[in-house]
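User: Got a two-chain model open here and could use a quick tour. Can you walk me through it?

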Amino acid sequence: MTARWSWFNISSVVVGFAFLYLPIVLLIVYSFNESRLVTVWAGFSTKWYSELFQNQGILDAAWVTVRVAFISASVATVLGTLAAVALVRYTRFRGRTVFTGMVYAPLVMPEVITGLSLLLLFVAINFARGFWTVTLAHITFSLCFVAVVVQSRLVSFDKSLEEAAMDLGCPPFQAFMKVTLPVIFPAVISGWMLAFTLSLDDLVIASFTSGPGATTLPMKIYSQVRLGVTPEINAVCTILIAIVTTGVLIAALLQKRRAFLGNNE
Amino acid sequence: MPSLGSIRRSFAPWDDPAAKPYISFKNVTKRFGDFVAVDNLSLDVYEREFFSLLGPSGCGKTTLLRMLAGFEEPTEGELYLDGQPLKGVPPHKRPVNMMFQSYALFPHMSVADNIAFGLKQDGMEKGARDERVAQMLKLVKLEEFARRKPHQLSGGQRQRVALARAVAKRPKLLILDEPLGALDKKLREETQFELMDLQQELGLTFMIVTHDQEEAMTMSDRIAVMDKGIIAQIGTPAEIYEAPDTRYVADFIGSVNTLEGKVVSSDESHVTIEGPDGRIVGGLRGSKAPADGQTVWFAIRPEKMQVSREKPAEAANALEGEVWDVAYLGDMTIINVKLESGNVVQAAMINRSRLVDDPIGYDERIWLSFSADSGIMLER
């Protein structure tokens, strides 16, 4: 059905999108502002970007963040995929319901609680807080997102594909690697993208579990903003938005492709 | 008694006591929780046989196949392939290939890669492998589709790829789970003959699961009709059709009329029964006549009854009734006749002539007649 564009339609779309994106657009626009004052426009400039690349503190934080995000997303993808396979395949093991619930609980758990409990754990086992504690914490909370994404794909996966592989001479693990994994791979990748983006964004859990020398970018931005917003921060945020948007778009495209492949099995 | 059927009669290892079975199910039981899918079943299938398992859904036929392929282990009993016990042998080590009902083609691989999958797994050299793939593609007439992905093929083409993939490894035994279930009628009929030719050409043993009785009749050397985890009857298509063991089998294969009655008298080949529809003389199954007074059922196929307006002068059996329904199918006309007792029986008339002056119509009183050998007595 193609509805005609009425004034009401147009204005509600405009108002809705403005509500969602105006703040972000403002931030992006002001990152190209010549003036040091954030609220006064003084002409176009990319000087804050070049200054940004000379700010060692922010660059260090960005490097930490990318490494944390990469490692945690990769580990969470492996673990989350395994969890999804276990949940979908072995439907008759004892305690499946409890296990399912436990995998999903972190989805709805307030971040403050996740962060605090992880902090308590690291203190209790006397684990020096720093890069690895943040990474571990990120693995913990992004694992369940990966599991959800992969599980939704596995539910519609025809198990006879794997049986056919075994029938043709594949031992079970090979059958998984040669047939199941390639077929669900788009979902695995979009799970990884999701985990990567979540880790990149996270402020609360990182603040709880980080230690000296492992300041992530969101932490750095937050601490700087408390001293006043500078156009430099706007520039960092613009770059972050670009990365996250790209990640989300790729994940969405992969999901679409996955739906297409799924229809043709 | 004249022998039943004469098609493909030269091949009958099951009648030869010295023949060794290729597949043997020995007292196999399979339970899923409380549900008994296969109930203490024994079955022998011979080399190069085209064997069908026929039954309604949930009768255990697919479970039987899956046990043979190794996806399920019997709860009790033993399974032998070529004399070797199969217990504990995982699917990838069994010299058996299966064609799946959903075809289970690998969506991320081309047609050629799908067919080559099992060969690669066996470590076959690339040259020999390519040759075999080409040969298989030719066999299923898909040469020009080698590079396509499964989702770019029609249902019939996918079915053929699945078949080529399953036979590419040259298994001695091919098991097929509803191989034609997803095809339309016309394509199914063509494919049935293709499957038969393929089986002959490659000299394979085929074990096929189907719920389509016509399909089983067309292709099989022998059919096992299954009912709730047990085998109701095993026999050649002609035996199953002309001499069913039970009313269940008679009813499952083709259409049949069953009339109840009590035995009045019997000799070594015929039985006379008396029921609400009068006296009927019919053939005896086997050599043991039922005792007088026992309740039995007389089963007769619709096409074995003559329809006439006048009472036939010389007929072993004749029933009078009123035409209740007429269905013209082109090749034949089906007439449902309501007998005096209220029972409705079906008769089929072959339409030999294009034009009939005075076709039998609704509400007419007609006679159905049949010889003493047309129908059979069933004790169950």
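Predicted model: local features only at pLDDT ≥ 70, side-chain atom pairs only at ≥ 80, totals over all residues.

User: Which residue in β19(B) is the bridge partner of B:Gly321?

Analyst: That's B:Ile366.

User: And what's the strand order of the open sheet in chain B?

Analyst: The order is β15-β19-β16-β17-β18, five strands with antiparallel pairing. At the edges sit β15 (306-308) and β18 (344-350) of chain B, each of which pairs on one side only.

User: How many degrees are neighbouring strands of this sheet turned against each other on average?

Analyst: The average is 45 degrees, with direction ignored.

User: OK, helices. At what angle do the axes of α2 and α4 of chain B cross?

Analyst: Roughly 25 degrees, and the axes come within 8 Å. The helices are α2 (residues 111-121) and α4 (residues 155-168) of chain B.

User: Why is α2(B) described as roughly parallel to α4(B)?

Analyst: Because angles under 35 degrees count as roughly parallel, the crossing of roughly 25 degrees makes α2(B) roughly parallel to α4(B).

User: Is that crossing right-handed or left-handed?

Analyst: The crossing of α2(B) and α4(B) is right-handed.

User: Which residues make the contact?

Analyst: On α2(B), they are B:Val111, B:Asn114, B:Ile115, B:Phe117, B:Gly118 and B:Leu119. From α4(B) come B:Val161, B:Ala164, B:Arg165 and B:Ala168. By class, that contact has seven nonpolar, two polar and one charged residues.

User: Switching to chain A. How many helices and strands are there?

Analyst: Chain A has 11 helices and zero strands. The C-alpha trace of chain A spans about 70 × 65 × 30 Å along its principal axes.

User: What percentage of chain A is buried?

Analyst: Buried residues make up 35% of the 265 residues in chain A. If you care about sequence separation, take the contacts in chain A with a separation of 6 or more: 77% of them are between residues 24 or more positions apart.

User: Last topic, then. How many residues does the contact between the chains take from each?

Analyst: It takes 17 residues from chain A and 18 residues from chain B. On the chain A side, α7 (159-167) and α8 (172-201) each supply at least two residues. The largest share of that side comes from α7(A), with six residues.

User: And how does the side of chain A that touches chain B divide by class?

Analyst: Its residues divide into 10 nonpolar, three polar and four charged.

Methods: Residues numbered from 1 in each chain as written. Chains lettered and ligands numbered in written order. Contact = placed C-beta atoms within 7 Å. Helix = DSSP H or I, 4+ residues; strand = E, 2+ residues; numbered from the N terminus. Nonpolar A, V, L, I, M, F, W, Y, C, P; charged D, E, K, R; others polar. Axes fitted to C-alpha atoms, helices over the stretch in contact; angles between N-to-C directions. Parallel < 35°, antiparallel > 145°, perpendicular 65-115°, else oblique. Left-handed = near helix turned anticlockwise from the far one by under 90°. Buried ≥ 20, exposed ≤ 12 C-beta atoms within 10 Å, placed from the backbone. Pairing = 2+ DSSP bridges.
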